[in-house]
Amino acid sequence: MTPIDANLGFKQSQLTEDGSQPLLEVHELKKYFPLQGGLFGRPRQHLKAVDGVSFSLNRGRTLGLVGESGCGKSTLGRAILYLQPPSAGQVRLRGQPLSSLSNAGLMAARRDMQIIFQDPYASLSPRRTVAQIIREPLDVHRIGNSAERRERVEELLTIVGMRQNSLNRYPHEFSGGQRQRIGIARALALNPKFIVADEPVSALDVSVQSQVLNLIDRLKAEQNIAFLFISHDLAVIQHVSDDVAVMYLGKIVEQASARDIYAHPQHPYTRALLSAIPVPDPRHKAQRIALTGDVPSPLNPPAGCPFHARCPVVTELCRTDVPQLKPGKGEATHFVACHLVE
């Protein structure tokens, strides 16, 4: 994961199939939702769900995106895939700006971009069999004939560790973990290069979570897929991620390699999140960092640093000036948006 300088824009580079150059580039991405009202239903305010996010991602890498509920994580994932078109900014897949594509071009690009949804109970149609659900992407993109599609569906079931006798059964006949495996099989149907995993294990039991996480790890290694793994669980993020980005109120406040960010967190918000991770040792005396106050509303974000109202080490500069994402201490790939680190 390499941050992109917001002032310079995209770095000009030739992409290669071996993943040596970024597969995905996100530059100053914003997603605002207008709130209607007033005369003639004109927008009165805008909810700033995602407010200027930039990063890049290589083939075979997993970027863990972590933050509290409501910080804009899921909206960012959907905006990258153009399920909810961005309000501003740009997304490039293998160097191609998605905003420049026609509807047909965007549909073709979506063969390389897929999503695993959060809720395995709501994301699968109860009226379709497992075979129909997994085959749907092949039908939509008209890939192969009937026999080839059937063979591909059987192959995908094997990949995700399910039996062939599941083909003609319906989602309600399976457990949560099995349903999520079906969702993963559907996401893999078109051999995507990039997958957004939106809280894929949050609705599952802990024992089932580990199975799904190990499956995602194996798929990344075997098929060289890049993942944007969205979660509020820092322990899960640590297990699956190569790099980590911490999001707060629509902005990324810290990003680094997973090893460095867990060993040397530099933003006060990241430190507070990490201090809340439970340690399975009764002799360990955890030093919790308790944050006061509530998360500000994205309808009316505060001036200056978005975290200053809850920060335990706030200064006057934090209340007035917005910190930029700049190199922090330690590794060269560690970036922090904090005046104190500067």
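Start by selecting Gln 114 and Arg 110: the side chain of Gln 114 reaches the backbone oxygen of Arg 110 at 2.8 Å. You are looking at a predicted model, where local features need pLDDT of at least 70, side-chain atom pairs count only at pLDDT 80 or more, and totals for chains, interfaces and linings use all residues. Residues are numbered from 1 along each chain as its sequence is written, and side-chain values use heavy atoms, with hydrogens and water left out.

Stay with Gln 114, which lies in strand S6 (strands, E, at least two residues, and helices, H or I, at least four, are DSSP runs numbered from the N terminus). Is Gln 114 buried or exposed? Its relative accessibility is 16%, so Gln 114 counts as buried (under 20% relative accessible area; exposed is over 50%, partly exposed in between, with a 1.4 Å probe and protein chains only).

**Next stop: the ring cluster**

Now select Tyr 248, Tyr 269 and Phe 307, which ring pairs link into a cluster. Rings of Phe, Tyr and Trp (its six-membered ring) pair if their centres lie within 6.5 Å; planes under 30 degrees apart count as stacked, over 60 as edge-to-face and the rest as tilted. The whole structure has 3 aromatic pairs. In one of them, the ring centres of Tyr 248 and Phe 307 are 5.2 Å apart and the planes meet at 85°, so this pair is edge-to-face. Trace the chain between the two: Tyr 248 sits in strand S9 (residues 243-248), while Phe 307 is in the loop between helix H9 (268-275) and helix H10 (316-320), 59 residues away. Both Tyr 248 and Phe 307 are buried.

**Last stop: the enclosed spaces**

The space in the largest cavity is about 60 Å³, a volume being the space filled by probe spheres set on the points, which are joined across faces, edges and corners.

Finally, select Tyr 248 and Tyr 269 again: both are in the lining of the second largest cavity, alongside residues including Glu 68, Ser 69 and Val 295. About 30 Å³ of space lies inside the second largest cavity.

How values were computed: A polar contact is a pair of N or O atoms within 3.5 Å; within protein, one must be able to donate a hydrogen and the other to accept it, and residues adjacent in sequence count only if both atoms are side-chain atoms. On a 1 Å grid over the protein atoms alone, a cavity is a set of points where a 1.4 Å probe fits but cannot get out, and a pocket is an open set with protein on both sides within 12 Å along at least five of seven lines; lining residues have an atom within 4 Å of a point.
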